[in-house]
Amino acid sequence: MAFTTIQLWAAFIAFLFLFALLRKAKRELLILYMILVSLAFFYQSNRWQMLLLPATAIISWTLTKWMSRQEGTKRKFLLSLIIVLDLLPLLFFKYSHPFSELLSQMLNTNFSLPSIALPIGISFYTFQAISYSVDIYRRQFCLKVNFLEYLFYLSFFPLLLAGPITRAQTFFPQIKRKSIISERLLYTGLWLVILGIIKKAIVADYIAQYNDWIFAMPDAYSGFECLMGLLGFSMQIYLDFSGYSDISIGIAAMLGIRLCENFAFPYRSRNLTEFWHRWHISLSTWFRDYLYIPLGGNRHGTLRTCFNLLVTMIAAGLWHGSTLMFLIWGALHGIGIAIHKASRPFLRDIRDNWLTISVSRFLTLCFVILCWAFFRAPDLNSACLLLSSIFTRMDLSYAEPFFAARTTWCILLAGSILSLFIGEKLYLHAEAKFIHWPWLMKLITLMLVVQIVIELQTSNIQPFLYFRF
Amino acid sequence: MKSYLKLIAIFLLPLAFVIWYADSPVQLPPPGWKLSKMQLPTPKEETITVSKTRKTSETRKTSKAIRARNASKAIAPLPSLPDSSAHRILFFGDSMVEGLLRRMNCYAFANGYDLTNIVWYSSTTEIWSQTDTLRYFINKVKPTFAMISIGANEQFVKDVAMRETYIRQIMKLLGDTPFIWIGVPAWKEDSGINELTQRVVGKNRYFDSRGLTLQRGRDRMHPTFSAASEWMDSVAVWMASPATAHPIRMNLPTDDKKHIYKTYALQPLRN
């Protein structure tokens with residue numbers, strides 16, 4: 001199931017119409033309606049694995065309620081129990097098969113657990129459930145939440161597929177009060193949905209076709225082509241995921257719920273620490289608050305800080321998948337951030353001017369792009385082949401035929417790279433302009449975007465990259 | 001409610017338009033290009049029944065159309081005499097090219113051609129059509145004539161029909177460049193790649209190697225170098241004959257000396 005299919009589009013219109021009718025009705029009725037729609041949506045993607053979600057909600061909510069009334073060791077024990085119970089299904093679905101494969105290889109047996117499809121959204125609602133319990137434990141969240149509201153929080157369909165991981169503090173206050181949904185909020189939602197479609201269905205899906213070829217057999221391509229593939233993937237993953245986040249946040253806004261942004265121009269970061277403050281913000285802050293800080297954060301000296309960073313980033317890497325490649329990707333980022341943290345005293349002496357800012361942005365971007373090779377490549381050998389091809393078989397004579405053969409691809413890639421230089425002010429200005437446009441203009445914009453999607457649509461629609469995590 | 005209705009209309013109207021346009025015979029033509037239509041999903045049952053009833057007539061229609069297209073290519077006026085230009089020949093394909101190129105080098109020398117050979121071991125029509133390698137070499141060599149020998153690694157594939165797209169893609173990449181396709185000297189009955197290639201490229205561009213008796217090397221598949229020379233001689237005779245779409249001069253080399261032309265050996269792709 002993808003956000004860009006015609007069936008989902010029609011279903012969303014029907015859903016929105018009923019939502020508008022029920023909006024003035026009792027709050028509980030509206031929540032129940034939203035839960036049923038979300039579970040139906042979840043069933044469509046996961047079939048009977050969908051039952052895991054209400055099961056997690058029942059266990060997590062009941063135990064958390066019990067824990068909130070306890071103190072001392074019992075409270076701590078209950079929190080540990082909740083975390084373990086929440087994590088069990090995720091660990092089972094995500095890591096049992098690769099772990100059994102590894103074990104059978106080590107013991108030289110032919111025993112292996114069958115590979116089971118990962119229920120879509122499990123990583124995201126599990127993390128939301130853990131964050132809720134931990135926040136209650138830390139007394140950072142004190143609002144009383146009934147089971148229906150909690151189930152609504154875990155199953156809210158715009159967040160279900162790929163986040164953003166939303167905290168209880170952001171979500172519950174909004175559903176507790178009778179919110180007035182302004183026209184401005186509705187059209188902000190529409191703006192984000194249109195922006196998301198442009199990013200995901202127009203640019204990311206189109207450039208993905210070529211990237212897939214390159215990563216499938218990097219040794220068949222020249223260094224220049226491999227570089228283009230790597231650049232293409234770097235833009236693809238950003239546009240794909242930030243496009244999805246825009247659509248999610250936009251739909252939530254149309255339903256009267258404001259969510260925090262998940263991407264804030266990450267490729268303009270001046271260092272890796274800043275990059276992780278701007279990239280997949282909901283995940284990076286989750287790991288910061290629920291893993292890095294409990295590990296000791298930066299409170300025990302430089303060496304321990306570096307170690308904590310490395311462990312956190314490796315965990316973040318493994319969250320994406322149980323392969324060696326994700327581990328390497330996480331470790332590289334961990335090492336990068338640790339080096340940056342350790343060298344901060346020296347970096348402070350360097351004055352900020354356009355040259356130092358540009359150089360630091362460029363170096364950070366290069367490092368991030370280099371790391372994407374490990375994230376996307378199917379194995380270490382492919383990643384090494386790709387990188388060695390870029391560094392040893394670079395032949396710029398490919399550039400001209402490449403541009404001639406893939407003009408649209410090059411234009412889309414160049415356009416998306418140039419869009420990174422759009423200032424935040426200009427972006428906000430464009431958003432405000434769109435909101436104040438006449439209704440007809442908004443309609444024409446959406447029609448135009450939809451037609452461009454149809455024009456560029458590939459026969460195989462690319463699923464959202466973050467579905468599989 | 002009013003704001004919601006306006007918002008719903010913004011989503012509903014494009015959807016209605018897309019569905020109407022996809023289903024209607026109307027073609028909206030903005031200047032210079034036609035507006036594409038969205039492919040509407042069809043209910044599964046309907047697809048099955050429709051495909052059952054339509055299949056035979058549609059297949060007949062398609063194959064008729066293909067035959068008609070091929071026939072029109074085949075009937076294209078044949079040059080009365082072999083083209084005597086000093087061609088830049090691009091000879092590419094799988095490991096079979098390795099055997100043929102030695103003798104082809106002699107032909108190129110004897111006839112004043114500039115020859116570039118590319119041997120891509122274990123390659124297939126899929127690999128040649130889906131990668132940029134061919135495009136790169138076409139751009140580099142700018143051939144005026146092409147020789148192809150691909151198919152040895154696809155003799156026993158099950159999805160032969162799929163290969164048609166790849167062969168057509170290779171032809172598309174070659175554009176207007178005249179070419180010949182040297183068929184696989186099959187050592188046992190294949191699953192249809194020779195038939196398919198012949199149908200797609202046309203008989204006048206396809207050299208059928210199946211009738212040849214060639215001495216095989218140790219692997220029992222590739223012809224020995226001397227057998228491959230004989231094979232190339234047969235191809236050369238056919239290339240100069242009016243049976244081909246674009247005959248070129250292929251005078252017999254006066255000697256059997258080794259002549260060196262640019263040869264690229266590409267390693268097999270890993271899975």
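Which residues of H12(A) are buried? Point 2 takes that up, after a word on conventions.

1. This is a predicted model, in which local features need pLDDT of at least 70, side-chain atom pairs count only at pLDDT 80 or more, and totals for chains, interfaces and linings use all residues. Residues are numbered from 1 along each chain as its sequence is written, with chains lettered from A and ligands numbered from 1 in the order in which they are written.

2. In H12(A), the buried residues are A:Ile281, A:Ser282, A:Leu283, A:Ser284, A:Trp286 and A:Tyr292 (buried: 20 or more other C-beta atoms within 10 Å of a residue's own, placed from the backbone). They pack against H5, H11 and H13 of chain A.

3. H12(A) bends by about 35° at A:Arg288 (the angle between axes fitted to the seven residues ending there and the seven starting there). A:Gly296, with a positive phi near 125°, follows the helix.

4. On H5(B), B:Thr133, B:Leu134 and B:Tyr136 are buried. These residues line one face of the helix, because they fall within an arc of 160° seen down its axis (directions run from the axis to the C-beta atoms). Their cover includes H18 of chain A, along with H4 and H6 of chain B.

5. Between the chains, 30 residues of chain A are in contact with 27 of chain B (C-beta atoms, placed from the backbone, within 7 Å). H21(A) gives the largest share of the chain A side, nine residues.

Methods: Two residues are in contact if their C-beta atoms, placed from the backbone, lie within 7 Å. Helices (H or I, at least four residues) and strands (E, at least two) are DSSP runs, numbered from the N terminus. A residue is buried if 20 or more other C-beta atoms lie within 10 Å of its own, exposed if 12 or fewer, and partly exposed in between; C-beta atoms are placed from the backbone.
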